[in-house]
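Please look over the chain shown below.

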Amino acid sequence: MHGNEPLRSTPTIVDAWDRVRRNLRSQSGAKVFDQWLKPAVLAAGSDDETVRIGLPSPFMTNYVKSHFGDRLRLEFRQAMPSVRSVVVETSTNAMAPAAIANDESPVITAAPAPTPRVLSAERPIAAAPAKPLREGERFAFDPRFTFDRFVPDATNQVAFNAARLLAAEGPVRFSPLYLHGATGQGKTHLAHAIGHAFLEAHPAGTAIYMPAERFMFEFVKAVRERDTFAFKARLRSVDLLVIDDLQFIAGKDSTQEECFHTVNEFMTMGKRLVICADRSPRMLEGIDPKLVGRLASGLVADIRPPEYALRRAILAAKVAEMPQVGVPDEVLELLAMRITANIRELEGALNRLVAYAQLIGEAVTMDFALQTLGEVLKGPQRRITIDEIQKAVSAHFEVKQLDLVSERRAVAIARPRQIAMYLAKKLTTRSLPEIGRKFGNRDHSTVIHAVKRIEELRDKDREIDTAVRGLLRQLEG
């Protein structure tokens with residue numbers, strides 16, 4: 001090829017390629033052919049001796065090269081004896097058969113750019129460019145959950161920043177991203193937000209959001225139908241995969257094995273992977289240690305329970321989206337103070353309050369809120385005292401309550417004392433200096449250290465986490 005003159009070849013290569021494709025489809029079967037070989041094209045640089053086969057992604061290129069490389073060479077040599085080698089590569093430069101004139105050699109032209117695709121958990125990958133979603137069709141990523149509608153603060157800032165970084169344009173800096181936190185803290189919101197931002201930054205990209213239960217269901221179905229190949233190929237060929245609620249595959253050995261290989265494949269290929277669960281990798285029960293190891297090797301980010309300031313900010317943001325309804329500040333403060341378990345419950349209470357007011361045509365007032373949400377607001381009203389916390393902790397760890405306020409620094413005393421301080425910060429409205437005074441006139445910095453230390457240990461030490469969970473249930477119940 002000279003200068004910018006288009007590369008030309010004889011129709012013989014195209015004829016041979018048509019014959020090879022027909023034979024491969026017949027030998028491999030329609031499913032395998034459509035998944036791996038149908039997207040293949042003759043690429044620029046093909047001639048009578050060297051045939052170049054282009055595929056749209058490195059993953060597909062590697063697979064076709066390892067599973068069909070020898071067969072491609074054999075088929076081409078039978079169809080066209082002059083061929084000496086077949087090169088399988090990632091390329092979008094295709095030889096378009098439609099461009100062949102009756103009396104001229106075909107011109108190798110660029111294939112059309114891939115159409116942006118959003119793939120739901122129920123929809124298989126199409127070999128042809130995906131059609132735009134029709135009105136009423138289910139989107140893979142919930143349109144309500146975007147970064148713009150997520151309220152960040154100290155309890156979720158690391159997870160929020162990591163999510164935005166993973167979705168951004170450019171090279172993958174870490175994978176997988178493992179998000180963990182209790183139910184209703186915002187993990188699923190961030191997971192969907194990553195999908196939206198990724199597809200916006202990568203218009204030609206593909207992404208799947210799949211709850212772990214759906215992963216298990218589809219894998220088991222594929223095994224029963226003896227079609228695991230298509231299941232594996234569908235998930236591993238996308239650019240971004242999000243698996244939510246991983247804890248639900250605990251004890252499911254075959255599903256975990258497949259999940260491990262999927263995670264391993266994404267890490268090996270350097271592609272984006274997001275995993276969400278209700279606890280840190282090391283705290284997962286009934287999960288294969290080798291899968292835990294893979295998950296822990298990525299970026300692990302926790303989302304802690306929302307503090308009052310965040311709960312209040314979330315309510316304000318929600319109300320801003322309801323201009324037709326007025327909700328007094330005192331009502332928002334009541335909800336933020338009383339509903340502390342999770343964000344989902346908090347938003348649900350606000351939605352219920354507003355819906356009831358609209359249905360019966362009443363204004364939202366403090367009395368209306370107390371009457372409408374009476375059962376919801378009852379739980380956290382009981383005031384928990386530091387003395388109650390100290391008694392519960394001393395009984396659980398079988399130490400004297402006096403030891404918790406003493407100067408003793410033995411681990412057997414210091415760790416329960418730190419847990420008691422942590423619980424005091426979490427369950428009471430006392431200030432840090434007040435908590436310190438209740439524990440032998442200790443400085444507020446000691447309380448801060450205790451809280452941070454227990455938060456760290458809950459992610460690493462199952463025994464500590466179990467003890468704290470039990471004490472929380474006991475004190476709040």
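The sections below move from the whole chain to single residues.

## Overall architecture

This is a predicted model. The chain has 477 residues, and 44% of them are buried. Its secondary structure comes to 20 helices and 10 strands.

Of the contacts with a separation of 6 or more, 72% are between residues 24 or more positions apart. The chain exposes about 24,400 Å², with carbon and sulfur atoms supplying 51% of that area.

## Salt bridges

The structure holds 17 salt bridges. One of them joins Glu-89 to Arg-52, with the closest N and O atoms 3.1 Å apart. This pair links distant parts of the chain: Glu-89 sits in strand β3 (residues 85-90), Arg-52 in strand β2 (residues 50-55), and 37 residues separate them. Glu-89 counts as buried because its relative accessibility is 19%, under the 20% cut-off. Arg-52, at 25% relative accessibility, counts as partly exposed.

Glu-218 and Arg-234 also meet through their side chains, at 2.6 Å from N to O. Here helix α6 (residues 212-224) supplies Glu-218 and helix α7 (residues 228-236) supplies Arg-234, 16 residues apart. Glu-218 is buried, with a relative accessible area of 10%. Arg-234 is buried too, at 8%. Shared partners join Arg-214, Glu-218 and Arg-234 into one salt-bridge network.

A further salt bridge pairs Arg-279 with Asp-278; the closest N and O atoms are 2.9 Å apart. Arg-279 is partly exposed, with a relative accessible area of 22%.

## Cavity

How many cavities of 30 Å³ or more does a search of the whole structure find? It finds 1. The largest cavity has a volume of about 40 Å³. Its lining includes Leu-165, Leu-166, Ala-168, Pro-171, Val-172 and Phe-174. Arg-173 and Arg-272 line it as well.

## A buried loop residue

Val-399 lies in the loop between α15 (386-397) and α16 (401-404). Is Val-399 buried or exposed? With a relative accessible area of 16%, Val-399 is buried.

Leaving out residues up to four places away in sequence, Val-399 touches Ser-394, Leu-404, Ala-412 and Ile-413. Val-399 and Ala-412 are 13 residues apart in sequence, and their C-alpha atoms are 8.3 Å apart.

## Nonpolar surface patch

Tyr-356, Leu-359 and Ile-360 make a nonpolar surface patch of about 350 Å². Ile-360 belongs to helix α12 (residues 343-360). Ile-360 is exposed, with a relative accessible area of 53%.

How values were computed. Residues are numbered from 1 along each chain as its sequence is written. This is a predicted model: local features need pLDDT of at least 70, side-chain atom pairs count only at pLDDT 80 or more; totals for chains, interfaces and linings use all residues. Side-chain values use heavy atoms; hydrogens and water are left out. Patches are made of residues with over 30% relative accessible area and no salt bridge: like charges are joined within 9 Å, nonpolar side chains (Val, Leu, Ile, Met, Phe, Trp, Tyr) within 5 Å. Accessible areas come from the Shrake-Rupley method with a 1.4 Å probe; for residues, only the protein chains shown count as cover. A salt bridge is a side-chain nitrogen of Lys or Arg within 4 Å of a carboxyl oxygen of Asp or Glu. Helices (H or I, at least four residues) and strands (E, at least two) are DSSP runs, numbered from the N terminus. Buried means under 20% relative accessible area, exposed over 50%, partly exposed in between (1.4 Å probe, protein chains only). Contact means heavy atoms within 4.5 Å. On a 1 Å grid over the protein atoms alone, a cavity is a set of points where a 1.4 Å probe fits but cannot get out, and a pocket is an open set with protein on both sides within 12 Å along at least five of seven lines; lining residues have an atom within 4 Å of a point. Grid points are joined across faces, edges and corners, and a volume is the space filled by probe spheres set on the points.
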